[in-house]
2 protein chains.
Amino acid sequence: MNGAESLVKTLLGNGVEVCFANPGTSEMHFVAALDRVGEMRCVLVLFEGVAAGAADGYARMSGRPAATLLHLGPGLGNALSALHNAKKARSPVLNIIGDHATHHLQFNAPLTSDIAGMAGTVSHWVRTAADAGTVAADAACAIAEAGRKPGRVASLILPADCAWGEVASPFPTSEPPSSPPPPSTFAPAPSSQVDAAAKILRRRGRTLLLLGGGALFRRPLANAARIAAATGADVLTEIFNSRMERGAGIFSPERIPYPVDQALAALAPYRRIILAGAAPPVAFFAYPGKPGVLSPPGCSLHHLATPEQDCAQALEDLAAALGASGVKVKAGAPAMPTVTDGALTRDNIGACIARCIPDRAIVVDESQTTGFNFLSQTRAARPHDWLRNRGGSIGAGLPLATGAAIACPGRKVLALESDGSGMYTPQSLWTQARENLDVTTVIFANHEYALLRAELGNVGAPNPGRRAVDMLSLERPRIAWPALARGMGVDGCAVEGVKSLHRALAHGLSTDGPYLIEAVL
Amino acid sequence: MNGAESLVKTLLGNGVEVCFANPGTSEMHFVAALDRVGEMRCVLVLFEGVAAGAADGYARMSGRPAATLLHLGPGLGNALSALHNAKKARSPVLNIIGDHATHHLQFNAPLTSDIAGMAGTVSHWVRTAADAGTVAADAACAIAEAGRKPGRVASLILPADCAWGEVASPFPTSEPPSSPPPPSTFAPAPSSQVDAAAKILRRRGRTLLLLGGGALFRRPLANAARIAAATGADVLTEIFNSRMERGAGIFSPERIPYPVDQALAALAPYRRIILAGAAPPVAFFAYPGKPGVLSPPGCSLHHLATPEQDCAQALEDLAAALGASGVKVKAGAPAMPTVTDGALTRDNIGACIARCIPDRAIVVDESQTTGFNFLSQTRAARPHDWLRNRGGSIGAGLPLATGAAIACPGRKVLALESDGSGMYTPQSLWTQARENLDVTTVIFANHEYALLRAELGNVGAPNPGRRAVDMLSLERPRIAWPALARGMGVDGCAVEGVKSLHRALAHGLSTDGPYLIEAVL
């Protein structure tokens with residue numbers, strides 16, 4: 001057995017069953033090992049940003065790491081932006097990065113680079129394998145590191161000679177572990193944090209319960225609703241969530257708005273904020289003359305549970321401490337929004353989507369300005385999961401959707417994507433076609449970086465001139481998304497009215513395989 | 001004047017007149033400054049890998065750095081692979097990387113990352129601006145660093161507050177410099193190196209003159225031909241060149257072959273190798289049981305001029321020392337290859353391209369396996385420049401062609417690209433359409449990573465199984481390149497015979513603006 005085979009065996013033995021791959025020469029032994037070991041689902045991508053983004057989406061929906069297979073420093077470089085997002089989302093991801101054979105590095109061949117340095121910028125853990133015989137142990141360690149809750153990016157650099165070298169001793173215990181090890185669990189939140197939160201909630205004055213991470217599932221959301229009902233506290237979620245259970249029958253709080261002025265206004269009333277799986281709220285960017293901290297001066301912040309702690313249990317304990325466990329929350333079921341006329345307005349689009357979301361769908365939302373109100377508009381939709389970009393590096397939507405579909409073959413995936421963001425990782429569509437994934441993508445084509453138009457004013461550069469505006473325009477030429485999709489084997493259409501959008505969504509979501517809709521705005 | 005305006009003025013004042021940009025919120029002041037300062041040619045790209053690759057192509061053809069404008073760590077991450085190639089090509093490139101305002105970094109907002117760490121892996125020089133008042137000086141320093149011969153990657157990180165902050169004192173000398181500073185020049189090769197090379201060439205035994213970098217222009221190539229004629233030495237070039245002048249009337253030596261066995265065989269006869277602008281030849285990858293050094297055991301290596309030294313002058317001096325300056329080289333004009341039949345074979349494709357290359361064209365070649373013989377086949381073509389990927393990170397072709405076209409508006413650009421490589425940076429086509437660049441792209445669609453099929457055997461994994469082969473196949477689905485191009489505003493066609501290829505090339509190269517040809521293999 002060689003090092004690459006021991007690696008694939010270790011991955012499978014520890015529950016890593018999917019690999020998003022874009023291999024090169026230095027990874028050929030890993031590729032060859034796929035036939036000798038079997039069972040690994042290896043998904044080919046045409047660009048490494050798709051591999052890492054798909055691994056992120058897979059992890060969010062399965063709770064387990066997928067592997068990426070990347071070609072030396074440049075392959076890792078192409079994945080860096082997506083790994084940044086995965087790291088910020090606290091998704092478990094395991095990178096296998098090929099490198100030159102150890103004895104070849106001295107020659108400074110063209111593909112030689114500082115892989116460990118590069119990996120360090122987006123990883124919680126980095127190791128370079130030193131010998132074929134220890135690759136299995138390195139991989140087991142990497143998998144354990146990736147799985148540490150809430151999730152980590154672990155990068156294992158695999159020199160080619162460690163892949164092709166023979167493993168002297170038999171595989172760790174002659175047989176790979178027969179079942180995956182128990183998943184790493186969250187550390188419990190100390191009871192002192194629960195007691196302190198209960199004390200705060202019993203006081204007068206407006207208090208906000210800010211939810212993030214592990215609090216955004218059905219059960220902890222229900223406890224948050226009970227706590228709010230019992231104490232009068234308000235509930236919000238962070239600006240961007242990694243994964244949130246939502247829809248009819250699930251408590252769906254509003255989020256902190258993205259535009260900085262709206263965010264400041266939303267938090268202005270609060271003197272105390274209790275954080276459950278959320279980080280202290282800060283502005284996405286700095287703006288001249290505006291604060292970076294979104295909570296108002298004098299507002300105190302209290303951790304009920306940090307993102308690393310079990311905030312679902314902490315919310316359950318807090319509800320109990322407040323005597324709220326049995327509180328019946330008046331559902332106040334949100335209404336399904338209505339379509340007002342035929343135009344593709346933001347309101348109509350949101351209403352149309354709310355009506356079309358299939359039961360147990362996975363919605364990946366990188367719709368930028370078009371979708372500012374999608375979360376509010378879809379609260380009455382059928383139950384679903386909602387995934388957003390936590391790291392702010394655009395181009396996340398199509399890869400996340402690809403990985404989510406691999407993780408959940410029985411569920412429909414709806415990707416809501418802006419045209420500017422979608423053009424970062426269009427290669428995702430090819431992998432969706434190749435794997436016949438049930439992903440329906442809607443591209444909101446407003447033919448500009450609309451968010452930046454607004455941000456010009458926010459950063460103190462209003463009234464931009466012709467040259468500045470030209471840098472934000474995607475009009476020249478307009479991108480023809482159905483042609484682009486067809487080029488990569490995905491069928492699609494363009495729609496200009498809400499009825500056509502509805503029809504196209506119904507078609508895409510009811511048929512097998514990928515489909516793309518360009519909503520021309 | 002704010003920091004961003006002082007930056008744009010400094011760029012223009014120092015001869016940096018083109019910026020390949022994909023800006024975000026943190027770069028909005030730079031964008032706004034474009035209108036207030038004027039004159040900067042700012043080229044919008046949809047993906048940062050295109051920005052950096054285009055800056056590389058621009059630098060190779062103009063000899064001067066362009067700027068890239070990148071959005072924090074993730075924007076830099078997307079550019080990393082192309083910057084790796086630019087660094088290996090020794091192209092002067094100046095990165096302007098936006099960052100959060102200095103006072104915002106403490107909040108660990110979603111887009112916060114270790115930009116300097118990331119930039120360090122692909123840059124010769126990195127600095128983070130500390131204050132709006134010193135941005136101009138930082139930029140002047142970065143431009144000088146980028147311009148140090150043969151060329152460097154310089155990265156200036158620009159926190160948002162340094163861009164929007166007012167510059168207290170007037171701009172360095174109240175007026176920006178009226179003309180660019182003299183370009184940095186190559187250090188001369190010490191005469192001892194020239195003398196030693198002359199001595200070696202006067203001895204018996206087979207000697208190789210290996211050319212790279214600055215030796216690959218008409219005049220030094222002519223001197224290399226004279227030296228070879230006078231001494232009986234052979235001449236080769238490195239495996240991959242950054243830029244080479246070639247075609248009828250120009251001495252066009254063969255290159256060291258890429259496949260490792262062929263490369264070892266090509267160098268086996270030599271007991272002495274004289275390096276002129278070339279690095280000691282090493283294998284692109286390590287292969288089990290094969291040497292990493294390509295020169296045979298006992299072969300001695302001598303630097304006539306390192307890549308950092310003036311090898312054009314050194315070759316002139318060497319020819320003089322050998323009394324070869326007046327040698328008339330029998331032209332032995334290479335013959336134009338002939339098309340044998342109608343099929344799209346490698347030979348026919350090469351012959352067709354040789355006949356179609358326009359006078360003074362720029363050929364960008366990332367054709368991988370299809371183009372293994374293109375250099376041999378095109379020696380009789382009209383005079384042209386030939387650019388290849390020096391860093392080995394694939395996806396370089398379309399961005400290089402984009403930047404070369406911006407640098408040389410009067411010249412035709414022919415991009416020879418493989419399908420696998422082309423899918424890394426297809427967004428280049430959109431910028432070519434937007435700028436109406438005279439780039440004709442030929443995609444050699446063999447529907448697989450054909451190079452890797454060969455490499456499986458070379459690394460000792462022959463007879464790959466079904467799953468391994470599947471990881472190298474682009475058959476499922478086939479990419480429809482004309483549709484993809486049309487989606488981004490570029491007209492194109494698919495051809496299946498050499499006559500259609502010839503017709504399509506003639507059409508693309510004779511009309512204005514970009515055109516794409518899929519050669520279906």
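Contact here means heavy atoms within 4.5 Å. That cut-off runs through this report on a predicted model.

## How the two chains relate

Start with the pair as a whole. Rotate chain A by 180°, with 0.0 Å of shift along the axis, and it superposes on chain B with an RMSD of 0.0 Å. That is how a two-fold axis relates two copies. Which residue of chain A comes closest to the rotation axis? A:Leu484 does, with its C-alpha at 2.3 Å.

## Helix α4 meets its copy

Two packed helices are described by the angle between their axes and the distance between the axes. Take helix α4 (residues 72–89), in chain A and in chain B. The two pack at an angle of about 175°. Their axes are 8 Å apart. Angles over 145 degrees count as roughly antiparallel, and α4(A) and α4(B) are therefore roughly antiparallel to each other.

Which residues make this contact? On the side of α4(A) they are A:Pro74, A:Gly77, A:Asn78, A:Leu80, A:Ser81 and A:His84. They meet B:Pro74, B:Gly77, B:Asn78, B:Leu80, B:Ser81 and B:His84 in α4(B). By type, the residues of this contact divide into four nonpolar, eight polar and no charged.

Helix α3 of chain A covers residues 48–62. It has 15 residues and reaches 21 Å from its first C-alpha to its last, close to the 21 Å expected at 1.5 Å a residue. Buried means under 20% relative accessible area. By that test 14 of the 15 residues of α3(A) are buried, so the helix is largely enclosed by the rest of the structure. Just after α3(A) comes A:Gly63, with a positive phi of about 75°.

Helix α9 of chain B covers residues 218–231. Its 14 residues should span 20 Å at 1.5 Å a residue, and its end C-alpha atoms are 20 Å apart, which agrees. Its buried residues are B:Pro220, B:Leu221, B:Asn223, B:Ala224, B:Ala225, B:Ile227 and B:Ala228. What do they pack against? Their partners in chain B are helices α8 (191–202) and α11 (311–321), together with strands β7 (207–211), β8 (234–237) and β9 (244–246). B:Gly232 follows α9(B), and its phi is positive, near 85°.

Helix α14 of chain B covers residues 397–407. Ten of its eleven residues are buried, so it is largely enclosed by the rest of the structure. Among them are B:Leu398, B:Pro399, B:Leu400 and B:Ile406.

## Two buried residues

Consider B:Ala283. Its place is in the loop between β11 (272–276) and β12 (300–305) of chain B. Is B:Ala283 buried or exposed? B:Ala283 is buried, with a relative accessible area of 2%. Leaving aside neighbours within four places in sequence, B:Ala283 is in contact with A:His104, A:Ala109, B:Val260, B:Pro291, B:Gly292 and B:Leu294. The C-alpha atoms of B:Ala283 and B:Ala263 are separated by 8.1 Å, although the two are 20 residues apart along the chain.

Now A:Asp99, in strand β4 (residues 93–99) of chain A. A:Asp99 is buried, with a relative accessible area of 7%. Beyond its neighbours within four places in sequence, its contacts include A:Ser26, A:Glu27, A:Leu72 and A:Leu105. A:Ala230 is 131 residues away along the chain, and its C-alpha atom is 58 Å from that of A:Asp99.

## Backbone exceptions

Most residues other than glycine have a negative phi, and most peptide bonds are trans.

| Site | Feature | Value |
|---|---|---|
| B:Lys149 to B:Pro150 | cis peptide bond | omega about 5° |
| B:Arg476 to B:Pro477 | cis peptide bond | omega near -5° |
| B:Glu39 | positive phi | phi near 80° |
| B:Gln368 | positive phi | phi about 50° |

Where do these sites lie? B:Pro150 is in the loop between α6 (135–147) and β6 (153–159). B:Pro477 is in the loop between α18 (466–470) and α19 (481–487). B:Glu39 is in the loop between α2 (28–37) and β2 (41–44). B:Gln368 is in the loop between β13 (361–366) and α13 (374–377). B:Glu39 is also exposed, with a relative accessible area of 66%.

Methods. Residues are numbered from 1 along each chain as its sequence is written. Chains are lettered from A and ligands numbered from 1 in the order in which they are written. This is a predicted model: local features need pLDDT of at least 70, side-chain atom pairs count only at pLDDT 80 or more; totals for chains, interfaces and linings use all residues. Side-chain values use heavy atoms; hydrogens and water are left out. Copies are superposed by least squares on the C-alpha atoms of residues with pLDDT of at least 70 in both. Axes are lines fitted to C-alpha atoms, for helices over the stretch in contact, and angles run from 0 to 180 degrees between N-to-C directions. Helices (H or I, at least four residues) and strands (E, at least two) are DSSP runs, numbered from the N terminus. Angles under 35 degrees count as roughly parallel, over 145 as roughly antiparallel, 65 to 115 as roughly perpendicular and the rest as oblique. Ala, Val, Leu, Ile, Met, Phe, Trp, Tyr, Cys and Pro count as nonpolar, Asp, Glu, Lys and Arg as charged, and the others, Gly among them, as polar. The expected span of a helix is 1.5 Å times one less than its number of residues. Buried means under 20% relative accessible area, exposed over 50%, partly exposed in between (1.4 Å probe, protein chains only).
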